[in-house]
Structures are given as structure tokens and as C-alpha cells.
Amino acid sequence: MPRPYPGSLIVLEGIDGTGKSTQAKLLAAALREQGHRVALSREPTDGPFGRRLRESATTGRLSPEEELQLFHQDRREHVETLIEPALQGGEIVILDRYYFSSMAYQGIRGFDPQEIRRVSEEFAPPPDLLLLLDLSLDTALARIGVRNGEANEFEQRESLQLCSEIFHSVQDDFVTIIDADQSIDEIHAAILGTVTSLLRKAD
Ligand code: ADP
Ligand code: TYD
């Protein structure tokens, strides 16, 4: 099916500590170096809804319903103000997290991941490429500084394991799994290889 826009939408997903932010920045820089126009963004965004979500991480967690609602509002605004205009303008849009994170993180708070996906895709374009960064729980927790035996270690481990399972349940053609248990440079090379072949096909 032909794409409804001239740009490309590339999404990085994975549990905390897999290296999404690091790799999103490296990918954006490499593509710009090649002469592409790139929009690099993230969710939650830096807009009003995204800021409320980030603040809630320190000021006390929202109810599951409020939280899901805010993620949808944040994403709706992100699609309208940045993602769709950039795709229509022929840019490569790179997103550090997208609605697959809602499937995973709000999924483990009791919502049906498939229903979250259905609602999201009513207003959010699916990606051309979803890079799922895959890393063992031990390494991911070590990278984000969670130590064995810490008070919340068990809870975090359990939550991230469930999130990881939901991410891996997405098995569409646009998914590429990236082994994130390598050096930053090796992961970057693997990602750039995958993205380059996607862009060649789109030409
Ligand atoms: P995410 O955005 O997925 O949470 P980050 O890119 O913020 O992950 O990386 C989490 C931490 O792990 C940071 O301190 C970062 O410097 C480090 N890191 C990222 N990639 C690697 C890697 N391949 N090997 C070792 N450490 C890494
Ligand atoms: P982020 O800033 O990417 O955190 P990190 O850099 O530690 O990976 O994301 C903040 C948190 O928001 C993260 O724990 C995942 C969560 N999140 C959701 O719960 N639902 C969503 O839809 C998104 C996009 C993020």
C-alpha cells in the first residue's frame, strides 16, 4: 500500500535503559550528515500534557485512567503539531517512544494493549520502521542504576519484564529487533544499516 505522505516515520522503543535516547540522537546526526532533513522528537513530549506526565513522576503518580488520557492527549497534539506536518513535508521523523510505550506501560496498569493500539491508530500514523531495542533485564536495570536488593528492585524488575513482553508481542512487518547488548557504536551501525535499506526501498 502506498504511504500517505512523502516522509518516513522511524520509532525507537524498548524498556528503560535500552539506549533509545542515545541511539535516536546518533541516528538523527548520521542522517543529517547524509543530507536528510530530520525531525527528532520524543514522548512524553515537552508540550503541556507531556510536562504534566513528567512532573507526575516526582509529584505523585496519576490514576491509571488520568495517565492514559494524558498520554493520548499528548500524542494527539504531537501528531498534529509535529509528526504529520514533518511527514507531509518529506522529513524523516525519529521518535524516542510512541504509542507502543502506552501499550506496554499502561498495559501493565490494567488496560488492554490491543485496545490502546486501536485507539492510538485512529489518530496516530503507524511507523514505517519500529526499532525494538532488546536488552536483558539485568543489564537494563544496571544501566538505569537500580541495584539488586534495593527496595523497589523487585517491583521494577517485574514491571519491566511485563513491558518487554508486550513490546515483543508486536510482530508487524515494520518491526526490527535490535540487540542492545552491544557497544553504542555497534548498535548505531546496526540501526543505520536497517534505516538505510528502508530509505532505499522508499525511493
Ligand atoms: P533509554 O532512553 O532507553 O532509557 P539511554 O539512551 O538514556 O536509554 O541510556 C541509558 C543509560 O545507559 C545512559 O547512561 C547511557 O549512557 C547508557 N548507555 C546507552 N547505551 C549503552 C550501551 N550500548 N552500552 C552501555 N551503556 C549504554
Ligand atoms: P522517558 O522520558 O523516555 O524515560 P527514560 O528516558 O527513562 O526511558 O519516558 C518516561 C516514562 O514514561 C517511561 O517510564 C515510560 C513512560 N511512558 C508511558 O508510560 N507511556 C507512554 O505512552 C510513553 C510514551 C512513556
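Modeller: Gladly! Let's begin with T194: leaving aside neighbours within four places in sequence, T194 is in contact with L129, L131, T176 and I178. This is a predicted model, where local features need pLDDT of at least 70, side-chain atom pairs count only at pLDDT 80 or more, and totals for chains, interfaces and linings use all residues. Residues are numbered from 1 along each chain as its sequence is written, chains are lettered from A and ligands numbered from 1 in the order in which they are written, and side-chain values use heavy atoms, with hydrogens and water left out.

Biologist: What makes those residues count as being in contact with T194?

Modeller: Contact means heavy atoms within 4.5 Å, and L129, L131, T176 and I178 meet that for T194.

Biologist: Where is T194 placed, and what lies 3.0 Å from a polar atom of its side chain?

Modeller: T194 sits in helix 8, residues 184-202. Helices here are DSSP runs of H or I with at least four residues, strands are runs of E with at least two, and both are numbered from the N terminus. The backbone oxygen of A190 is the atom 3.0 Å from that side chain.

Biologist: Why are helix 4 and helix 7 called oblique to each other?

Modeller: Helix 4 (residues 99-106) and helix 7 (residues 153-169) pack at about 135°, with axes 8 Å apart. Angles under 35 degrees count as roughly parallel, over 145 as roughly antiparallel, 65 to 115 as roughly perpendicular and the rest as oblique. Helix 4 and helix 7 are therefore oblique.

Biologist: Which residues make that contact?

Modeller: F100, S101, M103, A104 and Y105 come from helix 4, and L160, C163, I166 and F167 from helix 7. By class, eight are nonpolar, one is polar and none is charged.

Biologist: What surrounds ligand 1?

Modeller: The surrounding residues include D16, K20, T22, R143, Q182 and I184; a residue is listed if one of its heavy atoms lies within 4 Å.

Biologist: How do you know that K20 makes a polar contact with ligand 1?

Modeller: A polar contact is a pair of N or O atoms within 3.5 Å. An N or O atom in the K20 side chain is 2.7 Å from an oxygen atom of ligand 1, so the pair qualifies. For R143, a side-chain N or O atom is 3.4 Å from a nitrogen atom of ligand 1.

Biologist: What is the peptide bond from E43 to P44 like, cis or trans?

Modeller: That bond is cis, with omega near -5°. P44 lies in the loop between strand 2 (38-42) and helix 2 (48-59).

Notes
Axes are lines fitted to C-alpha atoms, for helices over the stretch in contact, and angles run from 0 to 180 degrees between N-to-C directions. Ala, Val, Leu, Ile, Met, Phe, Trp, Tyr, Cys and Pro count as nonpolar, Asp, Glu, Lys and Arg as charged, and the others, Gly among them, as polar. A polar contact is a pair of N or O atoms within 3.5 Å; within protein, one must be able to donate a hydrogen and the other to accept it, and residues adjacent in sequence count only if both atoms are side-chain atoms.
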